[in-house]
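Please examine the structure below with its sequence at hand.

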Amino acid sequence: MLTATRPHQNAAQVPGRSLGDVVRAAALAAPSRIAVVDGGTRLTWSALVDRATTVAGALTELGVRRGDAVVLQLPNWWETVVVTWGVWLAGGVVVPVVPIYRARELGFIVDQVDPAAIVAAGEHRGHRHADELRALMRETGRPTPVVSVRATDSDPLRLETLRSAPVQPERLAPDDVALVLYTSGTTSAPKGVLHTHRTLLAESASMTRACGLTAEDRVFMPSPLSHVTGLSYAIVLPADLRASAVLLDRWSADDAVAVVERESCTFAVSATPFLRGLAEVYAARGTPASLRIFVCGGADIPPELVRRARAVMGTAVVRTYGSTELPTVAMADPFGDVDAAADGEGAAIGDNQMTVRSDEDGTEELLVRGPELFVGYVDSRLNADAFTADGWFRTGDTATISADGVLRIAGRIKDIINRGGEKYSAAEVEWALLEHPHVAEVAVVRYPDEALGERACAFVVPTPGERPTLATLRDHLVASGYAVQKAPERLELVDRLPRTPSGKIQKFRLEEGLRLRPVRDEGESPT
């Protein structure tokens, strides 16, 4: 049985409900309203709860009990929404796993959570997930049943054929663990993050208030449902509002715009690559988007992209800051000034709090807490380093907070480049380089240097048909007013940047690649 490894903060500020209470209330209050759209499939709230109740009964017959983990490896399909609610109605804990994970990552997660059942795609993009997981269970000697989704008729245990006797939904407490999310792994091994019914509903409430959302809104979701963004805003929030969610499984900016307009979507929360793609298509179309609000999260949100997307889409695009551990700490005001929305992450929303503290070497780290803060890691040994003695969560990000409470993220502490004792943020250099006409995407990472300790390398995805040089990029930075010491001293041109499923750049993979490449002469420009 999975339980919290730390107490919930500010519990009294959040209504005491379980997620099962929320979805049953949605089905009673708005039975004929559309709950989820996936291509040509449309489920009402009544139909969704009927199907989820059947799944809950089947899982119970398979041995799932209150507090048991159920691993889901499913894409952005309507079945994923149904199964997630089915697990919660059965009293289980949802453990979503991104579809790109294979045996090594899956084995790590299974060993940690010891699932009572697994639900996986029969086949998705050429990979047979359910078969792989069944093989993994055999290899590890586990009797865990694996239910397949959209599998062939010969598959031994299929979601489509599951039947069960009527089951009384499990009544759960608000502070029972509801979810384990594994961090995306931008810098290290994944960590199992524990969330309760109360923390997830606190997130829904704060976003609803900040954006003025109602039951009439339609959420567009291209981010994976196995990520905190997808699960929070395409599963939990629509049920809380009795609104609709529109899913997109395979990303294509053209397809995304077609779906958004066909379904009259009004709200989206996603990462920078998704916003950039939408802005490009809407700019070419010359027509505004039906989206009222686009909340853009992630560490690499160029201010100019926010301004341009607002201009071409007619959408209130705002930056936000959060993490798997505390999904939305701060957000710019969607109804406020465009420059404020572009240049900072906004003020704390809901009842969240944030502060900045300096460590012994002067690095200013952002600390956060609030009612949507997670209740510890599955491996409780990780909690000690993650929290301060007085209960603040250590984000690992450097930041400033203005006198009027506006947060501005400088970058990851591991993204601070220490060149001969002079420290600067990789993010500020990246934003400046993105203004160069030959740079489509960029990531700046550090690499070791005997003389200066660290130098910076820029990984650049060039605009089509262009090949920027290190010299031209350095000249651009200096002309933009930056000290020459902040200019990258090595350049790698690449076709794409490695990203997590949520769109964050995996800089540790770039740094690992650098160690395998010889340093070229142009990479050691004297300054």
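Residues are called buried when their relative accessible area is under 20%, exposed when it is over 50%, and partly exposed in between, as computed with a 1.4 Å probe on protein chains only. This is a predicted model, in which local features need pLDDT of at least 70 and side-chain atom pairs count only at pLDDT 80 or more, while totals for chains, interfaces and linings use all residues. Residues are numbered from 1 along each chain as its sequence is written, and side-chain values use heavy atoms, with hydrogens and water left out.

Arg150 has a relative accessible area of 35% and is therefore partly exposed. Arg150 lies in the loop between strand E6 (146-149) and strand E7 (177-182); helices (H or I, at least four residues) and strands (E, at least two) are DSSP runs numbered from the N terminus. The phi of Arg150 is near 55°, a positive value in a residue other than glycine. Most residues other than glycine have a negative phi. Arg242 also has a positive phi, of about 65°, although it is not a glycine. Arg242 sits in the loop between H7 and strand E10 (244-247), and its relative accessibility of 30% makes it partly exposed.

Two packed helices are described by the angle between their axes and the distance between the axes. Helix H6 (residues 197-211) and helix H7 (residues 228-241) pack at about 75°, with their axes 10 Å apart; axes are lines fitted to C-alpha atoms, for helices over the stretch in contact, and angles run from 0 to 180 degrees between N-to-C directions. H6 is therefore roughly perpendicular to H7, a term for angles of 65 to 115 degrees. Contact (heavy atoms within 4.5 Å) involves residues of H6 including Leu200, Leu201 and Met207, and residues of H7 including Tyr233, Val236 and Leu237.

H6 is mostly covered, with 12 of its 15 residues buried. Among the buried residues of H6 are His197, Arg198 and Cys211. Just after H6, Gly212 takes a positive phi of about 60°.

Two further loop residues remain. His124, in the loop between strand E5 (117-121) and helix H5 (129-139), is buried because its relative accessibility is 9%. Not counting residues up to four places away in sequence, His124 touches Pro75, Trp77, Pro99, His129 and Asp249. Gly481, in the loop between helix H14 (470-479) and strand E24 (490-493), is exposed, with a relative accessible area of 65%.

Conventions:
Angles under 35 degrees count as roughly parallel, over 145 as roughly antiparallel, 65 to 115 as roughly perpendicular and the rest as oblique.
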